[in-house]
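Here is my note on the model, point by point. Keep the structure open beside you as you read.

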Protein chains: 2
Amino acid sequence: MTEAPLPKETDLPARWKRLVEAIEASDAGAAHDILASATVDDQRRIVSQLNLDRRERLCRLLPVDETADLIENLAEPQAVEMLEEMQADLAADVLEELPADVSGDLLRELNDRSSEAILSEIDDADESMDLRERAGYARDSAGGLMSDQVVSFPQDATVADVLAELGNNAGNYSDDEVQYFYVTDHSMQLTGVLALRNLVLGRRDLCISELMIPSPVCTRVDTELEELQDLFENRNYLAFPVVDENGRLKGIVSRAAVNEALSETQTDDYLKSRGIVGGEELRSMPLIERCSRRLAWLGPNILLNLLAASIIASYEDTLQSVIALAVFLPMVSDMSGCSGNQAGAVTIRELTLGIIQPRDYLRVFLKEVWLGMNNGMVLGFVLGAIAAVWKGSVFLGLVIGGALMLNTIFSVTVGGLVPLLLKRFKVDPALASGPILTTCTDMSGFFLVLSLANLAMTHLV
Amino acid sequence: MTEAPLPKETDLPARWKRLVEAIEASDAGAAHDILASATVDDQRRIVSQLNLDRRERLCRLLPVDETADLIENLAEPQAVEMLEEMQADLAADVLEELPADVSGDLLRELNDRSSEAILSEIDDADESMDLRERAGYARDSAGGLMSDQVVSFPQDATVADVLAELGNNAGNYSDDEVQYFYVTDHSMQLTGVLALRNLVLGRRDLCISELMIPSPVCTRVDTELEELQDLFENRNYLAFPVVDENGRLKGIVSRAAVNEALSETQTDDYLKSRGIVGGEELRSMPLIERCSRRLAWLGPNILLNLLAASIIASYEDTLQSVIALAVFLPMVSDMSGCSGNQAGAVTIRELTLGIIQPRDYLRVFLKEVWLGMNNGMVLGFVLGAIAAVWKGSVFLGLVIGGALMLNTIFSVTVGGLVPLLLKRFKVDPALASGPILTTCTDMSGFFLVLSLANLAMTHLV
């Protein structure tokens with residue numbers, strides 16, 4: 001906490017220009033100074049504006065530990081992008097410098113070709129195996145989220161022993177956030193957990209096995225995120241130990257790591273719901289990759305749209321007779337789509353909060369159908385009145401207003417239920433809710449407007 | 001960690017029925033047992049399915065500390081809902097039982113009438129003033145996020161003094177997560193921070209002022225969330241002390257609290273982007289409130305939709321002559337809307353990651369315009385070909401494909417830029433991006449299809 005205060009205003013273009021000059025002049029000291037004096041945000045923005053060649057040269061220029069620091073400060077998709085662009089030998093050196101959980105995360109996100117090439121460049125066989133093991137755990141499992149910075153003591157040590165060890169070898173521990181110690185038996189199996197607080201507050205002659213919490217709740221490397229969330233929600237701990245299939249201590253998974261993973265899940269959900277699939281997109285990625293990933297989501301959407309359009313096509317005669325309907329067709333489907341999206345968002349939120357479960361469809365149906373009738377009447381009346389006045393036809397108003405009313409009831413009900421059904425059938429609601437809902441409400445909207453118009457045709461023409 | 005393992009399968013309806021019976025029979029013991037054996041999720045779901053009257057009776061039945069435990073386990077919007085429904089005197093008792101930061105948060109979310117009524121029912125004048133002060137801090141400020149569970153020592157104490165105090169009065173500290181101690185002078189002004197680790201590892205005869213980090217970075221009660229995020233991103237600490245305008249220590253704000261607040265901001269953004277405004281909606285809320293809040297967002301949407309529809313209305317003659325256009329109008333506007341949403345999501349994400357800033361519009365424009373040309377050509381070709389084959393008219397294909405191509409370029413560019421512009425003009429991008437973008441792409445889509453058709457009219461009829 002002795003650093004100079006961060007500068008409030010940052011002159012980014014000037015900083016970027018100086019960095020480019022330092023790279024061109026191969027001036028490692030200047031490059032270091034420019035980056036070290038930049039905030040994390042500025043580092044991210046500067047890097048995103050360097051071209052491929054300059055990034056590579058910058059990484060070769062800096063000492064490997066500084067490159068590792070820089071990589072650690074970048075947003076994860078940026079860091080992955082840079083490692084994939086780097087020569088494998090340099091990337092391997094960088095990964096060896098990073099904390100094990102960070103390099104595990106990055107390796108898992110790299111494409112297979114890059115990660116294989118990098119792993120084969122790591123000289124230390126143990127380190128390479130550790131990294132391979134870490135990268136093998138699922139991203140959102142205890143193994144993928146754990147930190148291996150865990151301090152353990154044998155169960156027959158005394159409080160005085162442990163305090164003396166900590167006092168004498170402070171240097172060994174000062175990098176860790178030491179809050180809990182783990183207690184193991186001779187075969188490294190976990191037997192207890194000892195809070196630093198209890199150690200400090202404990203009588204000095206006690207054996208730590210008397211102060212420890214025995215048979216602690218622990219997680220296995222393959223425990224999934226949802227289960228971890230439940231664990232932390234139901235128990236007020238900061239971390240749980242993680243053991244392998246043989247009960248041997250492998251690391252700890254912290255509340256902070258679980259919360260971060262949950263927040264990333266939310267971000268992923270948001271991005272997927274807006275049609276960004278196959279991982280995050282950064283504008284520094286190659287154009288062709290950005291295009292093809294966006295098209296991968298838009299393609300199926302064309303088909304769904306065609307489905308909806310075919311309804312209009314089958315009523316062309318009706319439309320031909322009352323062309324004013326064409327003005328209101330998109331309005332009815334769009335307004336209903338919005339109503340359905342609201343209901344879907346409430347369902348997804350209530351699922352996240354644990355207030356409803358996928359099987360609670362009856363409750364959701366009843367709640368939404370009432371709301372749909374209410375809002376449907378209000379919106380239907382408003383749009384119907386507008387249509388009647390605008391086009392001077394009460395019957396047109398009745399058709400449009402009636403269609404919007406019925407379609408609102410339909411779309412809020414479907415909107416509320418679709419995420420439940422998708423969740424039940426193990427399809428990702430964030431990804432599929434939007435397109436499915438839009439297609440349903442478009443089809444029903446077009447159908448309602450045009451078939452009601454057909455019924456009232458004699459009064460409309 | 002000595003509790004029985006949580007039951008894996010929960011029979012919720014049975015549990016709910018037993019709770020209702022306990023409430024009807026005024027059996028506090030049974031009600032307690034049922035709730036105590038339920039997971040947090042089950043408690044949330046059971047409560048959401050109790051009606052108003054039973055909730056009130058449950059709260060009166062349970063001892064006030066158990067009611068407080070229950071309220072603390074609920075999702076925040078549920079807890080707020082319950083407090084608003086409760087009699088003010090009971091709500092005041094419950095708030096007095098809760099940790100200061102929790103009751104401060106809840107008070108801030110209550111409507112003014114309820115919070116005034118509850119505060120006036122709190123007997124202890126100091127407590128009432130404390131709560132009023134806390135509720136007065138902005139939700140996403142250091143004051144609103146801080147915990148007041150902070151342990152401080154005078155700067156002239158020695159390591160041995162502090163360890164002895166901790167050892168002798170363990171009971172006073174055992175509820176806190178003691179990791180950092182704060183060091184103050186005689187007027188309670190903050191002079192330093194002492195990590196528990198450094199205390200434990202320190203020589204026993206040293207004065208804590210020699211081990212402490214002097215003049216620590218601290219935040220003021222009015223420091224905003226964005227600034228707190230920067231602080232934690234640039235410095236690897238778990239917490240910062242919070243002082244008032246006179247430098248007096250008021251509490252600590254932790255990394256976890258800041259992360260949680262950020263994650264809530266993301267959730268709010270997601271809900272707003274789907275049209276849930278004015279706070280979260282739970283299906284247990286009164287129908288009339290749910291309806292009116294959803295309508296508050298749908299209302300302005302009707303106006304925006306009318307704007308778009310007026311384009312179609314002004315081309316009714318064109319449409320009348322080539323009725324097939326009506327089939328493709330919604331497709332062109334919907335597909336472009338999707339493309340624009342993708343670009344908008346990438347911008348909002350890059351803003352969150354700190355990779356771009358609101359003034360980087362030129363960079364975003366250039367990146368998106370290229371992508372737009374690329375994807376526009378692909379999508380335009382596909383939809384144009386479909387239109388040409390389906391309706392047997394090459395010229396119709398050219399009109400539809402050309403319109404989709406041009407409108408894709410327009411919509412990804414606008415979609416990428418709208419969040420930047422909104423952010424620059426201090427409008428919430430999550431709330432306004434969607435409707436503004438949809439209106440723009442609808443209008444331009446309708447205009448492009450119909451005006452191109454007008455130009456090619458002789459070949460279309």
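**Notes on the predicted model**

1. Start with A:Lys272, which counts as partly exposed because its relative accessibility is 22%. Keep in mind that this is a predicted model. A:Lys272 forms a salt bridge with A:Asp428, and the closest N and O atoms are 2.4 Å apart. This pair links distant parts of the chain, 156 residues apart. A:Lys272 belongs to helix H17 (residues 255-273) of chain A. A:Asp428 sits in the loop between helix H22 (394-424) and helix H23 (429-455) of chain A. A:Asp428 has 26% relative accessibility, so this residue is partly exposed too.

2. Next, go to chain B. The side chains of B:Glu24 and B:Arg54 meet in a salt bridge, 3.0 Å from N to O. B:Glu24 is in helix H1 of chain B, and B:Arg54 is in helix H4 (residues 52-61) of chain B. The two are 30 residues apart. B:Glu24 is partly exposed, at 41% relative accessibility.

3. Helix H4 of chain B also holds B:Arg55. The side chain of B:Arg55 forms a salt bridge with that of B:Glu85, at 3.6 Å from N to O. B:Glu85 lies in helix H6 (residues 76-85) of chain B, 30 residues from B:Arg55. Is each partner buried or exposed? B:Arg55 counts as buried because its relative accessibility is 5%. B:Glu85 is partly exposed, with a relative accessible area of 28%.

4. Some salt bridges share partners. One network joins A:Glu281, A:Arg283, A:Arg290, A:Arg294, B:Glu350 and B:Glu368. Over all chains, the count of salt bridges comes to 56.

5. Now find a charge without such a bridge. B:Asp360 is buried yet has no salt bridge. Which side chain of opposite charge is nearest to B:Asp360? The answer is A:Arg45, 4.0 Å away. B:Asp360 is placed in the loop between helix H20 (325-353) and helix H21 (361-391) of chain B. Residues touching B:Asp360 include A:Arg45, A:Gln49, B:Ile355 and B:Leu420.

6. How are the two chains related? A rotation of 180 degrees, with 0.0 Å of shift along its axis, superposes chain B on chain A with an RMSD of 0.1 Å. That is the relation of a two-fold axis. The same surface serves both copies, as 100% of the contact residues of chain B recur in chain A.

7. Look at the rings. A:Lys391 lies over the face of A:Trp390, 5.1 Å from the ring centre. In chain B, the charged end of B:Lys391 sits over the ring of B:Trp390, at 5.0 Å from its centre.

8. Check two backbone angles. B:Ser26 is not a glycine, although its phi is positive, at about 50 degrees. B:Ser26 is in the loop between helix H1 (12-24) and helix H2 (28-36) of chain B. B:Met188 also has a positive phi, near 65 degrees. B:Met188 lies in the loop between strand E2 (180-184) and strand E3 (190-195) of chain B. At 41% relative accessibility, B:Met188 is partly exposed.

9. A:Thr67, in helix H5 (residues 64-73) of chain A, is buried at 1% relative accessibility. Among the residues A:Thr67 touches are A:Cys59, A:Leu62, A:Met86 and A:Val94. B:Glu96, in helix H7 (residues 88-97) of chain B, is partly exposed at 25% relative accessibility. Contacts of B:Glu96 include B:Ile122, B:Asp123, B:Asp124 and B:Glu127.

Methods:
Residues numbered from 1 in each chain as written. Chains lettered and ligands numbered in written order. Predicted model: local features only at pLDDT ≥ 70, side-chain atom pairs only at ≥ 80, totals over all residues. Heavy atoms only, no water. Lys NZ or Arg CZ within 6 Å of the ring centre and 35° of its normal. Least-squares fit on C-alpha atoms with pLDDT ≥ 70 in both. Contact = heavy atoms within 4.5 Å. Helix = DSSP H or I, 4+ residues; strand = E, 2+ residues; numbered from the N terminus. Buried < 20%, exposed > 50% of the residue type's maximum accessible area, 1.4 Å probe, protein only. Lys, Arg positive; Asp, Glu negative; His and termini not counted. Lists of a residue's contacts leave out its neighbours within four places in sequence.
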